[in-house]
Amino acid sequence: MRAERLWRRGLRFPRLFLADRTVLVHGDVDPSPDPRKSRYEARAFDTRSLRPLGTAFEVQGPVNLARAPEGEVWPDTVLVQASRRSVSVRDPRTGSPLLETDLAEPGERWPDDVALCVLNEAKEAVVLLFGESGDPGGDGGGGTRWWAVDPRTGATVPDLTDSRPGHEARGERMSFAGDFLVAPGQDPGFDPVLLADYEHPRERVYRLEDGEYLGEVESHADSETVAALVGGRPLLAVAGRVHSLPDLELVAELGGPRTLVSLVEWGGEAVAVYQEEDARPEGLGSWYLERLRIRYLDRPGQPVVELPGTWPGELEDLVAAPDRVVVLATTEGVYALHAPN
């Protein structure tokens with residue numbers, strides 16, 4: 001099956017974001033050794049028609065998609081963007097700003113990730129940020145943290161934060177599933193034999209409402225983490241495994257730690273769409289023959305269906321939409337495959 005082309009564009013490290021029926025790709029189109037001088041573009045598409053919702057636009061720094069909070073005169077889906085000094089909400093179709101707010105406590109460096117969330121009980125919208133924390137342990141070492149700010153005032157939300165020691169952030173992403181936040185981190189240590197520092201990557205689970213730490217699971221330095229509310233339950237996919245939240249019970253083994261995964265609900269069922277790390281492509285000129293797999297997590301035996309496809313470029317990210325469409329971001333652009341019923 002040849003993938004349908006949505007946008008032919010050379011992209012470095014493209015990432016996909018999904019909210020409702022909108023998918024957004026964000027990638028580096030003018031690479032520079034200094035990330036601050038690179039040029040990033042974004043473009044949004046409708047997952048039902050697979051048509052673009054607007055033209056491409058430039059937007060620097062971390063971005064994300066979210067449902068618009070109730071009561072806001074915004075499009076149903078919005079783009080949130082952050083820098084070290086401000087946060088903004090934009091129209092994902094055009095990139096036009098809807099809200100721009102200076103942070104009350106600007107950072108020295110750009111955050112690595114951003115998200116717009118609504119806290120369930122208070123119906124309060126907050127912007128969550130993830131990045132470097134400086135010295136959480138007070139011992140001169142670095143660390144990472146996540147924290148929340150008010151999108152209207154830029155003020156930090158008290159008690160909705162956590163800082164942990166470890167290496168500097170390296171572009172990791174937060175994930176969300178229902179009432180739960182999953183944030184990346186590390187357990188640093190020292191190897192007395194090798195006389196070297198080491199880190200155990202972890203994914204830490206928090207209750208979004210109050211920031212309470214609930215537990216953690218082992219990760220991998222090169223793995224992408226995805227959390228989602230699917231089939232009526234919150235799930236977490238990390239390092240080739242799927243866990244339930246918040247108890248972190250193992251639901252399924254998908255592959256190695258570099259397995260690309262997307263969690264989605266199709267027909268009321270929880271589904272994992274993934275590509276195993278050892279399923280590398282066979283070249284067909286500039287096109288690649290690859291096989292994605294679809295695992296039905298709620299069915300007895302968790303049956304797997306293969307979804308073969310060809311597309312140009314190397315696969316960098318994928319996201320499965322409720323419309324039984326799998327959107328692919330490659331080094332050559334954005335493509336889509338239709339999953340069988």
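**Starting with Val217**

Which strand is Val217 found in? Val217 sits in strand 17, residues 213-218 (strands, E, at least two residues, and helices, H or I, at least four, are DSSP runs numbered from the N terminus). Val217 is buried, with a relative accessible area of 9% (buried is under 20%, with a 1.4 Å probe and protein chains only).

Leaving aside residues up to four places away in sequence, Val217 touches Arg202, Glu203, Leu236, Val238, Arg241, His243 and Leu248 (a contact is heavy atoms within 4.5 Å). Val205 lies 12 residues from Val217 in sequence, and their C-alpha atoms are 8.4 Å apart.

**About the model**

This is a predicted model, where local features need pLDDT of at least 70 and side-chain atom pairs count only at pLDDT 80 or more, while totals for chains, interfaces and linings use all residues. Numbering runs from 1 along each chain as its sequence is written, and side-chain values use heavy atoms, with hydrogens and water left out.

**The whole protein**

The protein has 29 strands and 0 helices. Of its 341 residues, 52% count as buried. Among contacts between residues at least 6 apart in sequence, 44% join residues at least 24 apart.

How values were computed:
Buried means under 20% relative accessible area, exposed over 50%, partly exposed in between (1.4 Å probe, protein chains only).
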